[in-house]
Amino acid sequence: MVKICCIGAGYVGGPTMAVIALKCPSIEVAVVDISVSRINAWNSDQLPIYEPGLDGVVKECRGRNLFFSTDVEKNVSEADIVFVSVNTPTKTQGLGAGKAADLTYWESAARMIADVSKSNKIVVEKSTVPILSNPEFLAEGTAISDLLSPDRVLIGGRETPEGQAAIKSLKDVYAQWVPEDRILTTNLWSAELSKLAANAFLAQRISSVNAMSALCEATGADVTQVSFAVGKDTRIGPKFLNASVGFGGSCFQKDILNLVYICECNGLPEVAEYWKQVIKINDYQKNRFVNRVVSSMFNTVSNKKIAILGFAFKKDTGDTRETPAIDVCKGLLGDKARLSIYDPQVTDDQIQRDLTMKKFDWDHPLHLQPTSPTTVKQVTVVWDAYEATKDAHGLCFLTEWDEFKTLDYKRIYDNMQKPAFVFDGRNVVNVDKLREIGFIVYSIGKPLDAWLKDMPAVA
Ligand code: UDX
Ligand code: UDX
Ligand code: ADP
């Protein structure tokens, strides 16, 4: 019987191992983590991450061939294949600060593996670092279906007989449910760069459409019509062309920063600059949104209540890592607004932590993350969209949760201050219907109504 151990029970390690256990009943899978609270949660009815379909998979396998434990060393020493899926935060000081991955946690895991190993092991890295490289392509919110039927599985390894044998062992695991032609094998650098490039290309599409959204607003075009028309070109394709208040998540910015750093280290400043621009446009888009809110509301939001609907970085997840909501909320707080925030999956604690945490601090193991010593007084977190919008002057959509489409907007309008403003950063609302009710509506990349035209946002 093959034993797999995964170090790191996070957003990647947890769902990936659950699916391997589901699809390979003859393999025993242990997921280990140094965070006691996270392991306890994996062993409880309240899993530490929200992901559609995950509960069912874990319930089926847990205790059968899927185990969660804090006994890292014992499980590693018994395993044939060790996956490493620990945090690789962006460095905040020293060489490569603000760009390079901090490999402290990765190195400590690697040393521990070497210390406790008495037999040969295949080590597979899932975190993004330059062993076998098996970068993960799952997206949150669709992790289980991405894992069950991936576009491709990528395995990079050394071009030595040992390296090739290791590739084959891992390929045999995936081949139990993934068609052969979707399992790609490459050398190590190709695997690592493919992962960075895939995320950079995806993020670049979003920055491209977001850049167009600014031009659409300026000219009177509608960005959804433009992206639909552009996406009809089969060479371009329709996916990942939704304009938004900005992309978030734990991967896009971090992977582009890594790419930029690798380019600079290889003497390619022009290439580095090219990719940096994707992040600059993302920051510009978030700023532009804040400016639009403030300028529309008579150039001041001081002491006004603003409702924030959605805080997660996308729908169907409770994850807030690098969510654009953090920068938008901080921007509005900087202009002294009072915020009432509702997200169906994000807790009060998490939001307070996010709004007080320093840039890049989020990517440390849970128990090493700073617990926010202060809370932001002008922020309240509520568990209901109607509560959040009551007596508010403005309403911002920052995540595209489906439930926002079916809210009773007449009721919301009646309970808001007038004029009642809606700022849709995710194209979730029906602009015409809301204008009919009486709202002044701004929706990213859509033609502006007369009010907003008279109050041009300065970016
Ligand atoms: C991403 C990659 O998709 C995945 O393959 C990789 O393994 C990890 O990084 P994830 O960050 O979970 O996955 O979510 P994704 O669906 O890619 O969305 C990232 C951000 O882009 C979100 O904030 C989302 O709202 C935003 N986005 C996405 C847009 O603004 N517009 C789009 O058209 C698509
Ligand atoms: C382009 C558009 O494709 C077409 O839709 C538009 O109407 C006019 O502009 P065209 O300039 O005729 O058409 O050729 P195209 O096939 O797009 O190639 C343009 C250039 O890009 C060529 O020099 C081609 O060699 C180059 N190219 C194309 C690459 O270097 N790599 C590629 O993967 C594709
Ligand atoms: P990802 O999205 O890549 O899965 P997460 O931050 O959700 O990232 O998960 C990484 C996990 O790795 C965290 O739960 C953290 O506690 C764990 N971790 C970090 N370093 C170690 C280590 N040396 N040994 C065991 N677990 C670790």
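**Exercise 1.** In this predicted model, find which of the 16 residues around ligand 3 come nearest, then identify polar contacts of ligand 3 with V12, I34 and R321.

*Solution.* 
- Step 1. Start with the shell. V12, D33, R38, N87 and R321 come nearest to ligand 3.
- Step 2. Apply the cut-off: N or O atoms must pair within 3.5 Å.
- Step 3. Take the backbone. A polar backbone atom of V12 sits 2.8 Å from an oxygen atom of ligand 3. For I34, a polar backbone atom is 3.4 Å from a nitrogen atom of the ligand.
- Step 4. Take the side chain. R321 places a polar side-chain atom 3.0 Å from an oxygen atom of ligand 3.
- Step 5. Check the cover. Alone, ligand 3 exposes 580 Å², and the protein buries 91% of that.
- Step 6. Sort the shell by class: seven nonpolar, six polar and three charged residues.

**Exercise 2.** Describe the shell around ligand 1: its backbone contacts, including that of F137, and its sources by helix and domain.

*Solution.* 
- Step 1. The shell holds 20 residues, with F137, E140, S244, F313 and R426 the closest.
- Step 2. Look for backbone partners of the ligand's oxygen atoms. A backbone N or O atom of F137 lies at 2.6 Å. G248 has a backbone N or O atom at 2.9 Å.
- Step 3. On its own, ligand 1 has 660 Å² of accessible area; the protein covers 91% of it.
- Step 4. Helix α8 (residues 188–219) gives the most, four residues.
- Step 5. Domain 1 (2–186) and domain 2 (244–443) each supply at least three residues.
- Step 6. By class, 11 are nonpolar, four polar and five charged.

Methods: Residues numbered from 1 in each chain as written. Chains lettered and ligands numbered in written order. Predicted model: local features only at pLDDT ≥ 70, side-chain atom pairs only at ≥ 80, totals over all residues. Heavy atoms only, no water. Near = heavy atom within 4 Å. Polar contact = N/O pair within 3.5 Å; in protein donor to acceptor, adjacent residues only side chain to side chain. Areas by Shrake-Rupley, 256 points an atom, 1.4 Å probe, with all protein chains shown as cover. Nonpolar A, V, L, I, M, F, W, Y, C, P; charged D, E, K, R; others polar. Helix = DSSP H or I, 4+ residues; strand = E, 2+ residues; numbered from the N terminus. Domains from an automatic or database assignment.
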